[in-house]
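Subject: Structure handover

Hello,

Here is the structure you asked for, with notes on what was found in it. Please open it alongside the text below.

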Amino acid sequence: MSHAAQPIDTKRIPVGISACLLGEKVRYDAQHKRSNYCNEVLAEYFDFKPFCPEMAIGLGAPRPTIRLVGQPDGLHAIQSTATPRDVTDALAAYADTVYQGHPQLCGFVFTEKSPSCGLFRVRAYNEKGQPFSDSARGIFARRLTERWPLLPVEESGRLNDPDLCENFILRVYAWHEWHTDVLPSLTAHRLLRFWSSYKYLVLAHDEKTYRQIGPLLGNLAVENLPALAADFFALLMHALDKPSTRASNTNALQHLRGFIRNATDEIEKNTLNVLIDQYKAGVVPLIVPLSMLRHLLTRYPDAYANEQRFLNPYPDTLGLRNKK
């Protein structure tokens, strides 16, 4: 059955998360940093697995705070005890443990500004205690993303940005689909069918990579299919890491409009054209022309177009395309 007729898999997807974001009192002050969005919205779709690296390495709660100290190319996590304690290696080793012990994870949500879990905006200090950067990465987060460079990751605060949130969630669903439906029983046919369904979604995010993938898969008569599949998936995830725009989404909509060849209702076709133009102009959100396109593809099915994951990369109930 096509993706247009059958919604994306609605099973809750395993995703790692900083434990404090779920309301666990594991922070340095024995408090939490509960994320309402993660708990009240995403928890319906993601099976969150909590991790607190600082608790895991035995620091307890409450505890003396940690700072990132050193130079940009050699930051250390130093706990502010009477005799400063370097916990860099312990945090990195715990990241290795998570990577090795939880291969089922399809993404990770980190706590912002944390010297262990922060992804983008962690303050770093020099040896004299003077801050020199607000854009470092926490030790645990850095090590986990080094070990798992393609894994969809995001910070809790950045999920308030509709584009960043949508981009993270669609990558989680793409990761899950690949590792659930394709990789366990990899064949050239499965790989090509997966790529065929993702073509217009990739086009909407990164046209340059879209044009690279075709030649890569042009000859699947190779001995090492797993290596080729790994190269393909890396390109796919890098492409989806780039947020789509109104212009790129319009391009994908216009391509898919071309598959409604058998439509006989000129009013409906003209309505779709008007809605696409209104979306391009910023008058309506993406869900408006998309809903009309789905309707027409239901009335006038096209086997190729109906399989396009662009039509529903994640459950509509998330409401993400109401904001794009």
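Two strands count as paired if DSSP finds at least two bridges between them. Helices (H or I, at least four residues) and strands (E, at least two) are DSSP runs, numbered from the N terminus. This is a predicted model, in which local features need pLDDT of at least 70 and side-chain atom pairs count only at pLDDT 80 or more, while totals for chains, interfaces and linings use all residues. Residues are numbered from 1 along each chain as its sequence is written, and side-chain values use heavy atoms, with hydrogens and water left out.

The sheet

Strand E1 (residues 13–18) runs parallel to strand E6 (residues 108–110), and 2 bridges join them. Gly-16 has Phe-108 as its bridge partner in E6. Helix H4 (residues 139–147) packs on the sheet and touches E6 and E9. The direction of H4 makes about 160° with that of E6 (axes are lines fitted to C-alpha atoms, for helices over the stretch in contact, and angles run from 0 to 180 degrees between N-to-C directions). Contact here means heavy atoms within 4.5 Å.

The sheet is open and has 4 strands in the order E2-E1-E6-E9, with parallel pairing. Strand E2 (46–51) and strand E9 (153–155) each have a single partner strand, so one side of each is left without a neighbour in the sheet. On average, neighbouring strands are turned by 25° against each other, direction ignored.

The core

A nonpolar core is a set of buried Ala, Val, Leu, Ile, Met, Phe, Trp, Tyr and Cys residues joined through side-chain atoms within 4.5 Å. Buried means under 20% relative accessible area, exposed over 50%, and partly exposed in between (1.4 Å probe, protein chains only). The largest such core holds 102 residues, and Phe-46, Ile-169 and Phe-232 touch the most other members. Helix H5 (residues 162–182) supplies the largest share of this core, 10 residues. Setting aside neighbours within four places in sequence, Ile-169 is in contact with Tyr-37, Leu-42, Phe-46, Tyr-314, Leu-318 and Leu-320.

Rings and charges

Rings of Phe, Tyr and Trp (its six-membered ring) pair if their centres lie within 6.5 Å; planes under 30 degrees apart count as stacked, over 60 as edge-to-face and the rest as tilted. That rule gives 20 aromatic pairs. Tyr-200 and Phe-259 form an edge-to-face pair, 6.2 Å centre to centre with 70° between the planes. Tyr-200 is in helix H6 (residues 188–205), whereas Phe-259 is in the loop between helix H9 (246–257) and helix H10 (266–280), 59 residues apart. Tyr-200 counts as buried at 7% relative accessibility, and Phe-259 counts as buried at 14%. Ring pairs also link a cluster that includes Trp-175, Trp-178 and Phe-232.

A charge sits over a ring if NZ of Lys or CZ of Arg is within 6 Å of the ring centre and within 35 degrees of the ring normal. The charged end of Arg-67 sits over the ring of Tyr-125, 3.8 Å from its centre. Arg-321 lies over the face of Phe-310, at 4.8 Å from the ring centre.

Backbone

Most residues other than glycine have a negative phi, and most peptide bonds are trans. The bond from Ala-61 to Pro-62 is cis, with omega near 0°, and Pro-62 is in the loop between helix H2 (53–56) and strand E3 (66–71). Lys-113, not a glycine, has a positive phi of about 65°. Lys-113 lies in the loop between E6 and strand E7 (122–125) and is exposed, with a relative accessible area of 55%.

Regards
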